[in-house]
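Me: I'm new to this one. Can you put it up and walk me through it?
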Amino acid sequence: MTGLVYVLNGPNLNLLGRRQPHIYGHETLADVERDCRTLAAELRLDLRFHQSNREYEIIDWIHAAREDADGIAINPAAFTHTSVAILDALHAFEGPVIEIHISNVHKREAFRHHSFVSSRADGVIAGFGTQGYLLALRRLARLIEEGSK
Ligand code: DQA
């Protein structure tokens, strides 16, 4: 394996596929995890895939990532727009971070236009649907490879 990546998902993403499918699509989070694992195998990445509705659990996973991960892909969901604590945790992580949003947050309500996480992220993907997760993994694989040279 060339690296270990944490894929972290914030609140309400457990309802993916059933929640506002006109915005977030019909794929479930289990579908997303399956597709991420298929691509990760191709990219020779190991994955830890998590979702929580609790801010502290996401923070704890970021702390765990400090110990063993090479990169983080995170869809902080609504915590994107509120959480200085997640931003601070990501600042304590040294590897590359890619922020993902399934929807194009910039086309939506004004309160979704600001992200605390973006000021730490190495890249931001928004509006590519669940394909954004796969793009994030490809980018992380590249950044991890470049960082190891
Ligand atoms: C989201 C966008 C957020 O504004 C929203 O709160 C979510 C999902 C997205 O993936 O498009 O829960 O992060």
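Reply: One term to begin with: helices (H or I, at least four residues) and strands (E, at least two) are DSSP runs, numbered from the N terminus. This is a predicted model, where local features need pLDDT of at least 70, side-chain atom pairs count only at pLDDT 80 or more, and totals for chains, interfaces and linings use all residues. Residues are numbered from 1 along each chain as its sequence is written, and side-chain values use heavy atoms, with hydrogens and water left out.

Me: Where is Ala 77?
Reply: Ala 77 sits in the loop between β3 (71-75) and α4 (84-91). Its phi is positive, about 50 degrees, although Ala 77 is not a glycine.

Me: Is Ala 77 buried or exposed?
Reply: Ala 77 counts as buried, at 13% relative accessibility. Buried means under 20% relative accessible area, exposed over 50%, partly exposed in between (1.4 Å probe, protein chains only).

Me: OK, the core. How many residues has the largest nonpolar core?
Reply: The largest nonpolar core has 27 residues, and Val 5, Val 7, Tyr 133 and Leu 137 have the most contacts inside it. Such a core is a set of buried Ala, Val, Leu, Ile, Met, Phe, Trp, Tyr and Cys residues joined through side-chain atoms within 4.5 Å.

Me: Which elements give two or more residues to this core?
Reply: They are β1 (3-9), α2 (29-43), β2 (45-51), β4 (97-101) and α5 (131-147). The most comes from α5, with seven residues.

Me: And what does Val 7 touch?
Reply: Not counting residues up to four places away in sequence, Val 7 touches Leu 47, Arg 48, Phe 49, His 50, Ala 73, Tyr 133 and Leu 137. Contact means heavy atoms within 4.5 Å.
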